[in-house]
Amino acid sequence: MTHLPLDDVRVIELGQLLAGPFCGQLLGDFGAEVIKVEDPGRGDPMRQWGREKPHGKSLWWPVVARNKKSVTCDLRTPRGQDLVRKLVAEADVLLENFRPGTLERWGMSPEELHAVNPRLVITRVTGFGQTGPYAPRAGYGSIGEAMGGIRYVTGDPSLPPSRAGISIGDSLAATHACVGTLVALHERERSGRGQVVDSAIYEAVLAMMESLLPEWQQAGYQRERTGPVLPNVSPSNVYPTRDGDAILIAANQDSVFTRLAQVMGAKELADDERYATHGARGEHMAELDELISAWTVTYPADELLRLLHDGGVPAGRIYTAEDMFADPHFEAREAIVRVPHPDFGEVAMQNVVPKLSGTPGRVRSAGPALGQHNDEVYGGLLGLSPQEIAGLSTAGII
């Protein structure tokens, strides 16, 4: 089988919950050996998170911890910290998402870790970054989403700011941390030295906020919540169907709107000065949406989608998980994979993205049991004897 592109990279993951571990998941998806270090007593809290718990076990854990090895270690003890230093000596990346100063208190500052391994890339994910007046604050993803701007513009304009429905702030910070890690590894090939990757949740969210900042700085314009539409971009909305479904149509580009008008049997709309240009359609968004809705509601969803797709108009349903499992395109591209699991038999999860033509990533295993790889890592990688490993376990260090 084709080798994996990061199978020569070893990552020590010290973080928990999502902001750090999702970065580890992304690296592991493309072959990195990710050794996850967990508290001996309870492990990562993600082992218990999630609404549905068949067999009393989290369905989130098999995803975020996939392709990882689990070892246990009490990082608050000198012996545990010494174990981590030994792991660091054999690693390419150390990944953590503790509050700034935690590693330093444990005698594992970047300076101390680089003394052990000068080539180490140290990836740190936090709410507010490693510097600045807010750095010491506790910073969860929801706070970073609020501070970074996405909460203010999410939701219906008649309601308070809304959550996106997923932990988008944590995931964005982790994704940017992954990019930074790969960049630092590339630079290491030139310089021979590792460096610190500092990924802050609020900055990762801010990075996705398009032209929000210059709109305010140059024009004094503050973006507001707009529900399902884009301000001054039309038509781009959710429209009703005869059978009670709802279809999203995005035909805001001039050429695409012309095609929509043809599908609607109303070619004259594309020449109407109220709708002929992008700017004009934005000004007359409400009345244009009424015209389109009056047309879409005369068709059942399947027939409407066929007409739109045949006419080259971007359109689609708003999917639930059930829809995804039934969709032939998801199946054809293997967007969903089923992974063997000791409790669930197999667990379905999203596949690795993006797809690489030569060395694609792969889900090789679901999230491991707590301490499942203690003997492999401490015995095989660090060379500890069975007696030494047993002693560390008896002492509660692992």
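Let's start at Asn374, which sits in helix α16, covering residues 374-381. Helices here are DSSP runs of H or I with at least four residues, numbered from the N terminus. Keep in mind that this is a predicted model: local features need pLDDT of at least 70, side-chain atom pairs count only at pLDDT 80 or more, and totals for chains, interfaces and linings use all residues. Residues are numbered from 1 along each chain as its sequence is written, and side-chain values use heavy atoms, with hydrogens and water left out.

So what surrounds Asn374? Setting aside neighbours within four places in sequence, Asn374 is in contact (heavy atoms within 4.5 Å) with Ser70, Val71, Thr72, Gly379 and Ile398. With Thr72, the two side chains make a polar contact at 2.9 Å. That term means a pair of N or O atoms within 3.5 Å; within protein, one must be able to donate a hydrogen and the other to accept it, and residues adjacent in sequence count only if both atoms are side-chain atoms. Cys73 is 301 residues from Asn374 along the chain, yet their C-alpha atoms are 9.3 Å apart.

Asn374 counts as buried because its relative accessibility is 11%. Buried means under 20% relative accessible area, exposed over 50%, and partly exposed in between, using a 1.4 Å probe and protein chains only.

Now for the cysteines. The structure holds zero disulfides, a disulfide being a pair of cysteine sulfur atoms within 2.5 Å.

Methods:
Helices (H or I, at least four residues) and strands (E, at least two) are DSSP runs, numbered from the N terminus.
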